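Please read the following note alongside the coordinates. It is set out as numbered points for discussion.

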Amino acid sequence: MRADRVFAYGAAAGLLGDLLLGDPRRGHPVAVFGRAAGAVERGLWRDHRGWGALHTLVCAGGVVALGAVAARAVRTSPAASVALTGAATWAVVGGTSLAREARTVGRALEAGDVDGARARLPHLCGRDPQALDADGIARAVVESVAENTSDAVVGALVWGAVGGVPGLLGFRAVNTLDAMVGHKSAKYRRYGWASARLDDLAGWPGARLTAVLAALTGPDPRGAVQAWRADAAQHPSPNAGPVEASFAGALGVRLGGTLSYAGRVEHRPVLNQRGRTVATQDIERAVRLSRRVGWCALGVSVAARLVVTGRKGRTS
């Protein structure tokens, strides 16, 4: 079986598995990787970019190598290759867990349980929830759904189309390392620099595809494009900016503004200033848009892989 068909069947099975099963409650492969990366960090940490780059190389490079070895071991069996690709896809995408956590917060807000929503918000994002009112919590959820649609679904599918199982696993490893050490705290400003920059590079294509698909499948395509063009570049993240701006325009809401992470206040630009304040019902709208974007990303990734492989076959 050709590699493009292996990816098509395996990625579709993995995304369907995520839809039906969600993440395992114990022993999730990403959590196992996180513990291993933490152990490597404890042995390597120095307040130096070079040591941080070595940490990134060891962790992400090790995962890519493991994926390459596994893919090579099953390459003679189409069924095993599809199964491995499906398992890898299911392990690295997180659309169902993202939707579940967002809806849990949304249900709490709908019931008027703002304290319950605050308690649940850290399961979804790193914001400080105590200072947020109901609208602020809803905005944080919509922003997290938008950003994680790119990080937890689309980006993985893009790199799976490019590199198969090693691409799937490598992207998720880089994304996880950025979440662990890529933030600008005193401890990780230097040590996490390489992980943060690599995550920016790896996330670039998936973020742009997410923004395009949000515009195409959202309720207001023109508003999505306008917000993307007007506001995305002002966001401090080169990848979250296009995604959040496109979601904001597509949903007709304002995102961005003042927020707090671990006691550190940030004043971010407002995305889609012509939009309205985020309301609780926009959480469900964002989740549905995220679902559409994820499945469309699968179609685009599979089609791109088929086209590239077909061209290679005609020229060989």
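The points below take up the basis of the note, then side-chain contacts, the surface, and backbone details.

1. Basis. This is a predicted model, in which local features need pLDDT of at least 70 and side-chain atom pairs count only at pLDDT 80 or more, whereas totals for chains, interfaces and linings use all residues. Residues are numbered from 1 along each chain as its sequence is written, and side-chain values use heavy atoms, with hydrogens and water left out.

2. Helices (H or I, at least four residues) and strands (E, at least two) are DSSP runs, numbered from the N terminus. Trp-45 counts as partly exposed because its relative accessibility is 30%, whereas Tyr-191, at 0%, counts as buried.

3. A charge over a ring. Arg-46 lies over the face of Trp-51, at 4.7 Å from the ring centre. The criterion is NZ of Lys or CZ of Arg within 6 Å of the ring centre and within 35 degrees of the ring normal.

4. Glu-41 counts as buried at 9% relative accessibility, while Lys-187 counts as partly exposed at 42%.

5. Further salt bridges. Arg-139 and Glu-143 meet through their side chains at 3.4 Å, N to O, in a salt bridge. These two residues are four apart in helix 7, so about one helical turn separates Arg-139 and Glu-143. Both Arg-139 and Glu-143 are buried. Arg-276 and Asp-282 form another salt bridge, at 2.7 Å, N to O; Arg-276 counts as partly exposed at 36% relative accessibility, and Asp-282 as buried at 0%.

6. Nonpolar surface patch. Which residues form a nonpolar patch on the surface? They are Leu-16, Leu-19, Leu-20, Leu-21 and Trp-295, with about 500 Å² of accessible area together. Such a patch joins nonpolar side chains (Val, Leu, Ile, Met, Phe, Trp, Tyr) within 5 Å, from residues with over 30% relative accessible area and no salt bridge; accessible areas come from the Shrake-Rupley method with a 1.4 Å probe, and for residues only the protein chains shown count as cover. Helix 1 (residues 3-21) contributes the largest share, four residues, whereas Trp-295 is found in helix 11 (residues 281-315). Trp-295 counts as partly exposed at 34% relative accessibility.

7. Helix 5. The 16 residues of helix 5 (residues 95-110) should span 22 Å at 1.5 Å a residue, and the end C-alpha atoms are 22 Å apart, which agrees. The expected span is 1.5 Å times one less than the number of residues. Among the buried residues of helix 5 are Gly-95, Leu-98, Glu-101, Val-105 and Leu-109. Just after helix 5, Gly-112 takes a positive phi of about 80 degrees.

8. A non-glycine positive phi. Asn-272 is not a glycine, yet has a positive phi of about 65 degrees. Most residues other than glycine have a negative phi. Asn-272 lies in the loop between strand 2 (264-271) and helix 11, and counts as buried at 9% relative accessibility.

9. Distances along and across the chain. Ser-77 and Met-1 are 76 residues apart in sequence and 8.5 Å apart in space, C-alpha to C-alpha. Ser-77 lies in the loop between helix 3 and helix 4 (78-92).

Methods. Buried < 20%, exposed > 50% of the residue type's maximum accessible area, 1.4 Å probe, protein only. Patch = residues over 30% accessible without salt bridge, like charges linked within 9 Å, V, L, I, M, F, W, Y side chains within 5 Å. Salt bridge = Lys/Arg side-chain N within 4 Å of Asp/Glu carboxyl O.
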